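The following note collects points on the cross-links, the charged pairs and the sheet of the model. It is set out for a colleague who wishes to check each point against the coordinates.

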Amino acid sequence: MRAQFVLSEIGVGLRRNLTMTIAVVVSVALSLALFGGTLLMRDQVNSMKDYWYDKVNVSLFLCNKADAETVSQCAKGAVTAQQKKDIEADLKKLDIVQSVLYESQDEAYKHYKDQYGSTPMASSITPDQMPESFRVKLKDPQKYKVVATAFAGRDGIESVQDQRGTLDTLFKILNSMNAAAIVVMIIMLTVAVMLIVNTVRVSAFSRRRETGIMRLVGASSFYIQAPFIMEAAFAGLLGGIGAAGLLVLARYFIIDHGMSLAQNLSLIKFIGWNEVLAKIPLVLASSILLPAAAAFLALRKYLKV
């Protein structure tokens, strides 16, 4: 009987404050969708880091004849055959080096033409203008500075470049976007909590006669407060289900179908369904606990029992 009474009170409360309940459901859905989205964005960035950092190389560009006239590091002239042998041998001696690949001027020119052959500048570039280089694969990409310190400024070397620099710029942008999403999520969660508090306050005020009678007959504080807390938790759960649905739809239509980013951007390793499904229980739990906690705190102030 008590359970039936509590459930009936929940239904009454939801019907009396239908518009505010809908507002709570929508705000919770959007804020928790952003919450899940920020978690997935963090997983995506980490996945991309692991994928790309494992593939990047450290490039040692060697001096050519053109550099001898324009680049101060190559003032002693183009790299000699002996210098190339010494550089390659010293690279292979380093414990952190996994492999060393030499790229000649002709190979560099061919790669350049493959990538930029359609640009106007490509027609004016000749093979002798392209730099020779050593492409170094490291066992641990984080130890790039070891190579840079050992070979930067050495005779015959024009520059030492770490391809991680370009990726770091991209990841900084992605992390900034993620931080912005977190700020928006916090604002949305704050709005949702305020809506829940106001909804509970209005609901408690509209049923002040019933709660007064319950106090007179000796009902416990928990028994009086339970319907209000469960109303908020139920509305939050509906919002959580909506948020989970948004995450699933986003993964399906943005990555797999619709925009088909997984097919159109094959160079990017996108997170899979396992990561998405793993976030849904957290989203649903948050959708119940957050409104319930907000309702409980609101009742302590607006419903003295």
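**Note on cross-links, salt bridges and the sheet**

1. Glu103 is buried, at 9% relative accessible area; here buried means under 20%, exposed over 50%, and partly exposed in between, computed with a 1.4 Å probe on protein chains only. Its salt-bridge partner is Arg135, with N to O at 3.0 Å, where a salt bridge is a side-chain nitrogen of Lys or Arg within 4 Å of a carboxyl oxygen of Asp or Glu. The two residues link distant parts of the chain, 32 residues apart: Arg135 belongs to strand β3 (residues 133–138) and Glu103 to strand β2 (residues 97–103). Helices (H or I, at least four residues) and strands (E, at least two) are DSSP runs, numbered from the N terminus. Arg135 is partly exposed, with a relative accessible area of 22%.

2. On the basis of the work: this is a predicted model, in which local features need pLDDT of at least 70 and side-chain atom pairs count only at pLDDT 80 or more, while totals for chains, interfaces and linings use all residues. Residues are numbered from 1 along each chain as its sequence is written, and side-chain values use heavy atoms, with hydrogens and water left out.

3. How many salt bridges does the structure hold? There are seven salt bridges. One of them joins the side chains of Asp43 and Lys279, with N to O at 2.6 Å. Because Asp43 lies in helix α2 (residues 18–53) and Lys279 in helix α11 (residues 273–302), this pair ties together parts that are 236 residues apart in sequence. Asp43 counts as buried at 18% relative accessibility, and Lys279 counts as buried at 12%.

4. A further salt bridge is that of Arg154 with Asp90, whose closest N and O atoms are 2.6 Å apart. Arg154 is in the loop between α6 (144–151) and β4 (157–162), and Asp90 is in helix α4, so parts 64 residues apart in sequence are tied together. Both residues are partly exposed: Arg154 has a relative accessible area of 25%, and Asp90 has a relative accessibility of 24%.

5. The structure holds one disulfide, defined as a pair of cysteine sulfur atoms within 2.5 Å. Cys63 and Cys74 form this link, with S to S at 1.9 Å. Cys63 sits in the loop between β1 (58–62) and α3 (65–70), and Cys74 in the loop between α3 and α4 (81–93), eleven residues apart. The link is left-handed, with -75° about the S-S bond. Are its cysteines buried or exposed? Cys63 is buried at 1% relative accessibility, and Cys74 is likewise buried at 1%.

6. Four strands form an open sheet in the order β2-β3-β1-β4, with antiparallel pairing; two strands pair if DSSP finds at least two bridges between them. The edge strands, each pairing on one side only, are β2 and β4. From one strand to the next the twist averages 15°. Axes are lines fitted to C-alpha atoms, for helices over the stretch in contact, and angles run from 0 to 180 degrees between N-to-C directions.

7. Within the sheet, β1 and β3 are joined in the antiparallel sense over four bridges. Ser59 has Arg135, in β3, as its bridge partner. Helix α6 lies across β1, β3 and β4, running at about 170° to β4; contact here means heavy atoms within 4.5 Å.
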